[in-house]
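Good morning, and thank you for coming.

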Amino acid sequence: MQLKRIIPDAITSCNLICGSIAVFLATQNAFLLAFVFILAGAFFDFFDGLSARLLKAPSPIGIQLDSLADDITFGLAPAMMLFCWLRPILGWWAGLALIMAAFSALRLAKFNVDERQHDLFIGLATPANAIFWGGLCCLPISVIAYDWMAWVLIGVSFLSCYLLNAEIPFFSFKGWAKEKTVIISFLIGCLILIGFCVFKTITTHIVAFAFLSGTACIVWYVTLNLLLAVIKKK
């Protein structure tokens, strides 16, 4: 029985370690590798909950540990990537991007006490936000042709802080039975976006554009959910 409790927590700890490595790599401007470790953390984040359910070993400590690990991997790591990515242009003002780590922690804390989020999310999930920023920061900094573009990205990071904690429903794959049509539409859109981004790799920035496809899919995910929220209010 004790071993059953250790396994999910060990997997969660692997998530935390991946996030910690991603933070370090971001400070070294190794953005592609940092994003790889964020994705690895997402892999472990998926399987820690799954293993806890399969082993019938959920625990209050495991829930809290999972949130702490998620804030490092999906909060601090992408925020640090954005900070280090924009710092050559904005200097220390790029540190405004680190606010995202605090709002990610708030979102995770709300998730732990919100009984509505069993088969959907209220607010953008932190892994989705991390994939958006992680993929974007994999692009060469030369894509920012003017300083004002860097400030726009800081503004978008503030917008993502709002979306993380907004009272807006976002569909989850756990709600497949209720949202099958929407999820299938989302997946079809993702395939189109990934195909387009991979096609762009034929000419330049092969790895970077491949990772950018993840960012494009998150934009599509947010857009689709916002449209659904507007339609349901009518």
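This is a predicted model: local features need pLDDT of at least 70, side-chain atom pairs count only at pLDDT 80 or more; totals for chains, interfaces and linings use all residues.

Let me start with a definition: helices here are DSSP runs of H or I with at least four residues, numbered from the N terminus.

Where does helix 3 bend? The bend is at Asp 71, and it amounts to about 30°. After helix 3 comes Gly 91, which has a positive phi, near 65°.

The protein chain has eight helices and two strands. Read from the N terminus, the order of elements is α-α-α-α-β-α-α-β-α-α. Of the 234 residues in the protein chain, 44% are buried. Among contacts with a separation of 6 or more, 76% are between residues 24 or more positions apart. The accessible surface of the chain is about 12,300 Å², and carbon and sulfur atoms account for 75% of that surface.

The buried residues of helix 5 include Phe 132, Trp 133 and Leu 136, together with Gly 134 and Gly 135. Thr 126 and Asn 129 are also among them.

Which residues form the nonpolar patch on the surface? They are Ile 99, Phe 103, Leu 106 and Phe 158, with about 320 Å² of accessible area together. Helix 4, residues 99-113, gives the most to this patch, with three residues. Ile 99 lies in helix 4. Its relative accessible area is 33%, so Ile 99 counts as partly exposed. As background, an α-helix has 3.6 residues a turn, so residues three or four places apart point the same way.

Finally, I would draw your attention to helix 1, residues 2-27, where Ile 6 is found. Ile 6 is partly exposed, with a relative accessible area of 45%. Ile 6 and Gly 62 are 56 residues apart along the chain, and their C-alpha atoms are separated by 9.3 Å.

That concludes my presentation, and I welcome your comments.

Conventions
Residues are numbered from 1 along each chain as its sequence is written. Side-chain values use heavy atoms; hydrogens and water are left out. Patches are made of residues with over 30% relative accessible area and no salt bridge: like charges are joined within 9 Å, nonpolar side chains (Val, Leu, Ile, Met, Phe, Trp, Tyr) within 5 Å. Accessible areas come from the Shrake-Rupley method with a 1.4 Å probe; for residues, only the protein chains shown count as cover. A salt bridge is a side-chain nitrogen of Lys or Arg within 4 Å of a carboxyl oxygen of Asp or Glu. Buried means under 20% relative accessible area, exposed over 50%, partly exposed in between (1.4 Å probe, protein chains only). The bend at a residue is the angle between axes fitted to the seven residues ending there and the seven starting there. Contact means heavy atoms within 4.5 Å.
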